[in-house]
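Subject: Handover of a structure and findings

Dear colleague,

Please find below the structure that I am handing over to you. I would be grateful if you could look through it before reading my notes.

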Amino acid sequence: MFQKLFKYEALAVGRLMVPVWLGALVLAALTGGSMQLQNLPPFAGTPFFAILWTIIAPLSVLFLLAIIAVCIIANIQRFYALLGARGYLYFCLPVAPWQQLAAKWAVAMVSTALSVPVLLLCGWLMGGDWHLALFAGDHALFRIEDLDLTWQGAGSTAYAILLAALAVSFAYLYFYLCIGIGAHWPQHRLAASVIVYFVLSFLLQVLLLLVVAALGFYLYTVLDFEALPLAQAAGAQRTGLMIRNILILASPGLLLAAANGILWAVDLRLIGKKLNLA
Amino acid sequence: MSELYQVSALTKFYGAKAALNDVTFGVEPGRLVGLLGPNGSGKTTLLKISAGLLQATSGQVLIDGQEPGSYTKAVTAFLPDRMALPTEYRVQDAVAFYRDFFSDFDTAKAHAMLADLKLEPSQRIGAMSKGTQEKLQLCLTMGRQARLYLLDEPLGGVDPAAREYILRTILCNYNEDAAVVISTHLIEDVETALDEVLLLKDGALLAHKNADELREESGKSLNEYFREVFRC
């Protein structure tokens, strides 16, 4: 059943996203193309492509922003609709609440992830240097000379991608939470969701500030943060320093993973045990 | 015969106001039950709780012995009082959606009902009139071979000719082992079809009686009885 839910969800989001992706790519290609053509000998000195570029370039940038905006809004709107009239169809399906949540979340994550290469491709197309420059040259999409191909480099990249994925997941689950709480108001659900978003965000920011301050205090005092650099340490001190460094590096990921877990559990409760369709 | 649909001491509060107050009844398979009551009497709340769209404050609903959940949703066909189908869908998309999710969905039967309505598979739902959308939703709901049909105001907001079509569709398309609960305040239209009536007033169950017995006891038609009981 999850696969079916995912299919229908992906089709609904894809119906919105694919035209935006294609539109952005076409505009980016036109921008890059007009830039190239205005420098080619037959057209050099003629204003047509320069004017075309002046018109299309801002549109391309707008479409790049639209990719992000439409992706986020479309996915949030789908969840909002689930707790409105559309819920009268979807919550009557013989599927578990976690499958409903998982389908929405998975499609949101996939559509966001797919938007990233589209954005990169648009940027590359807009650069105008298309001489097989996917992996080399100043305007290459991925410059091999910039890639860190060591294990450490690959690990860092993988961790950065994981952090980004966790952050995106957190953002969607957080929006779902606000919508889920807002849905408990019998009227003005949208306004209630927006108010919940701002109030909850403020409270969470204050809480996060306190946690970070406490963590910083703990690191500087209890863990002797300004101890010897790792290279100069030896034996048990070196092991301790390594564990501390790993913990420091892993803490954002662990915090985000924990936050995702909590949000998932609360969201699931809101659309399961606490479901109250208006 | 054991009861297919059981409601025990069901209570639902919205804030301090009781939408349902200690409602208890049972419905056996094969019965067509009218859930009657004026606006705000708790009909929709009762059906929404039974369909698993709303949580009760206290009490219990059992459908085929199970509390509302994945199993009961597989055996219950719920028709909401509003348009729930995605308006961007075409008729064929909606049929495919029901076929994909409900193993008891009879595609041929649904297509036959849609053909009666002269609805083209390629017709977009958003372009249909409100009445046609409601009829499409009803066809999809009745296209299922469910064990329990919960129909919330299927006759509301449509013209008398359409009401006749809707009622005929309901009566011709539920199997004999299934129970049907129709919520309505348009009693005159359903009066002759009902086996039992559930009368709700201010969230409380006023009566649960056999329709013929109620007519005999009161010496009135159900419509007249309803008007008398709920006179403002």
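Predicted model: local features only at pLDDT ≥ 70, side-chain atom pairs only at ≥ 80, totals over all residues.

The interface between the chains

I begin with the place where the two chains meet. Chain A brings 26 residues into contact with 26 residues of chain B. The size of an interface is often given as the accessible area lost when the parts come together. For chain A and chain B, the buried area is about 2,300 Å², and carbon and sulfur atoms give 59% of it. On the side of chain A, Tyr8(A), Tyr88(A) and Leu89(A) lose the most area to chain B, and together they give 28% of what that side buries.

Between chain A and chain B there are 16 residue pairs in polar contact, counting pairs with both residues at pLDDT 80 or more. By residue type, the side of chain A that touches chain B divides into 16 nonpolar, three polar and seven charged residues.

The count of salt bridges between chain A and chain B is one. Which residues form it? Asp100(B) and Lys7(A) do, with their closest N and O atoms 3.0 Å apart. Lys7(A) belongs to helix H1 (residues 2-37) of chain A, while Asp100(B) belongs to helix H3 (residues 91-101) of chain B. Lys7(A) counts as partly exposed because its relative accessibility is 39%.

Other salt bridges

Over all chains, the structure holds 12 salt bridges. In chain B, the side chains of Asp104(B) and Arg144(B) form one of 2.9 Å, N to O.

Are the two partners buried or exposed? Lys130(B) is exposed, with a relative accessible area of 55%, whereas Glu134(B) counts as buried at 19% relative accessibility. The cut-off for a buried residue is under 20%.

In chain A, a network of salt bridges links Glu9(A), Arg78(A) and Lys104(A).

A buried serine in chain A

Finally, I draw your attention to Ser111(A), which is placed in helix H4 (residues 97-127) of chain A. Ser111(A) has a relative accessible area of 6%, so this residue is buried. What does Ser111(A) touch, leaving out residues up to four places away in sequence? Its contacts are Val13(A), Trp21(A), Cys71(A) and Asn75(A). With Asn75(A), the side chain of Ser111(A) also makes a polar contact of 3.0 Å.

Yours sincerely

Key: Residues numbered from 1 in each chain as written. Chains lettered and ligands numbered in written order. Heavy atoms only, no water. Salt bridge = Lys/Arg side-chain N within 4 Å of Asp/Glu carboxyl O. Helix = DSSP H or I, 4+ residues; strand = E, 2+ residues; numbered from the N terminus. Buried < 20%, exposed > 50% of the residue type's maximum accessible area, 1.4 Å probe, protein only. Contact = heavy atoms within 4.5 Å. Buried area = accessible area lost by both parts, 1.4 Å probe. Polar contact = N/O pair within 3.5 Å; in protein donor to acceptor, adjacent residues only side chain to side chain. Nonpolar A, V, L, I, M, F, W, Y, C, P; charged D, E, K, R; others polar.
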